[in-house]
Amino acid sequence: MSSKLIDGKKISAEIKNNLKISIDKIKNNFPRTPHLVVVLVGNNPASISYVKAKEKACQLVGIKCHVERLSEEVLESDIIRYIEKLNQDDQVDGMIVQLPLPQNLDEEKIIQTISSLKDVDGLNNENLGLLASGQPRFVPATPLGVQTMINQLDFVTEGSKIVIIGRSKLVGIPLALLLSSKTPKGNATVTICHSKSKDIGSHTLSADIIIVATGFPHTLKKDMVKKNSIVIDVGVNRIEDKSKKNGFRLIGDSDFDEIIDIVSKITPVPGGVGPMTIAMLLENVTKAFYINNAKKL
Ligand code: NAP
């Protein structure tokens with residue numbers, strides 16, 4: 001592997017090893033192990049494969065994971081009722097609803113139904129508000145994974161210039177909050193670009209770190225990147241590839257093959273941010289276990 005690659009698989013494997021040790025201790029001292037419920041609606045192939053990866057990772061570290069598979073035709077009121085039941089269930093520590101949901105369902109309403117103490121994806125308004133006010137509880141897993149990766153590098157965020165392309169509630173906004181927070185792992189000067197930004201290259205060309213999360217291949221081109229900067233590519237795009245057994249391959253949002261010669265470090269897709277997201281979800285579930293069982297421990 002090129003020394004320029006930030007190996008998300010390796011970093012996440014270390015995190016999972018440490019988590020396994022913590023969860024083994026829980027098992028020795030508590031009648032049950034941390035428990036995650038994943039709500040999966042419909043048959044979106046990408047969602048199915050993400051959920052499988054989450055299930056497998058839970059199994060590896062010793063977290064109990066139940067996947068509630070619901071049909072595409074499920075009623076919104078039924079999902080809400082199910083989430084409300086889980087909110088009351090003291091055997092469940094965390095829950096996530098795999099996104100995106102089918103168009104007929106109100107994603108925001110469903111996410112906001114999850115108890116903020118079990119919202120291990122960190123997407124409900126209370127958790128985002130806590131992050132914005134500098135008192136994070138559950139931080140969305142992908143931004144947390146990106147911040148952890150940056151911390152693993154020999155790089156000081158304080159005073160650095162970071163440009164994030166993308167302003168979603170899932171990635172760009174919480175990441176900007178984390179990296180600009182008044183903390184040793186933050187204190188960066190963060191610029192957010194989005195689809196209405198003009199001349200994004202004029203921002204990225206002076207950035208020490210560029211994080212791209214748009215969901216569109218070729219968003220970050222080589223003429224937008226400063227020599228020796230760091231690129232974190234969050235994007236996951238399925239591109240048809242007849243040479244592959246499954247008929248597709250995954251690429252990110254940056255022109256990886258051209259950019260790697262310019263940068264000091266870059267994340268591959270796959271094998272970069274993706275595995276970190278899963279590791280951080282497991283950390284959030286373990287944190288939820290401690291929060292929700294504090295009185296019993
Ligand atoms: P999203 O909700 O669709 O948000 C995309 C953001 O990118 C929006 O803010 C949009 O701007 C902006 N954007 C779109 N085209 C742009 C362009 N040409 N130039 C500048 N900005 C542009 O997507 P998301 O949920 O944040 O996900 C982004 C990507 O990350 C996707 O490929 C997704 O699959 C991937 N992802 C990966 C992981 C992982 O674990 N690896 C986790 C989450 C997401 P507007 O706000 O103006 O529309």
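A: Around the ligand there are 20 residues, and the closest are Arg 167, Ser 168, Ser 195, Val 236 and Thr 277. A residue counts as near when one of its heavy atoms lies within 4 Å of the molecule. Please keep in mind that this is a predicted model, where local features need pLDDT of at least 70 and side-chain atom pairs count only at pLDDT 80 or more, while totals for chains, interfaces and linings use all residues. Residues are numbered from 1 along each chain as its sequence is written, and side-chain values use heavy atoms, with hydrogens and water left out.

Let's look at the polar contacts, meaning pairs of N or O atoms within 3.5 Å; within protein, one atom must be able to donate a hydrogen and the other to accept it, and residues adjacent in sequence count only if both atoms are side-chain atoms. Ser 168 places a polar side-chain atom 2.5 Å from an oxygen atom of the ligand. For Ser 195, the distance from a polar side-chain atom to an oxygen atom of the ligand is 2.5 Å. Thr 277 has a side-chain N or O atom 2.7 Å from an oxygen atom of the ligand. Taken alone, the ligand exposes 930 Å², and the protein buries 69% of that. These accessible areas come from the Shrake-Rupley method with a 1.4 Å probe, and for residues only the protein chains shown count as cover.

What kinds of residue make up the shell? Nine are nonpolar, 10 are polar and one is charged. Here Ala, Val, Leu, Ile, Met, Phe, Trp, Tyr, Cys and Pro count as nonpolar, Asp, Glu, Lys and Arg as charged, and the others, Gly among them, as polar. Helix α10 (residues 273-292) gives the largest share of the shell, three residues. Helices (H or I, at least four residues) and strands (E, at least two) are DSSP runs, numbered from the N terminus.

The peptide bond joining Val 269 and Pro 270 is cis, with omega about 0°. Another cis bond runs from Leu 99 to Pro 100, with omega near 5°, and Pro 100 lies in the loop between β3 and α4 (107-113). Asn 187, in the loop between α7 (172-180) and β5 (189-193), has a positive phi near 60° although Asn 187 is not glycine. These features deserve a mention because most residues other than glycine have a negative phi, and most peptide bonds are trans.

Now for the strands. β10 belongs to an open sheet of five strands with parallel pairing, in the order β5-β4-β6-β7-β10. β5 and β10 are the edge strands, each pairing on one side only. Two strands pair if DSSP finds at least two bridges between them. Four bridges join the parallel strands β6 (residues 209-212) and β7 (residues 230-233), and Ile 211 has Ile 232 in β7 as its bridge partner.

An open sheet of three strands, also parallel in its pairing, has the order β2-β1-β3. Since β2 (64-70) and β3 (94-97) stand at the edges with a single partner strand each, one side of each is left without a neighbour in the sheet. Seven bridges join β1 (residues 35-41) to β2, and His 35 has Lys 64 in β2 as its bridge partner.
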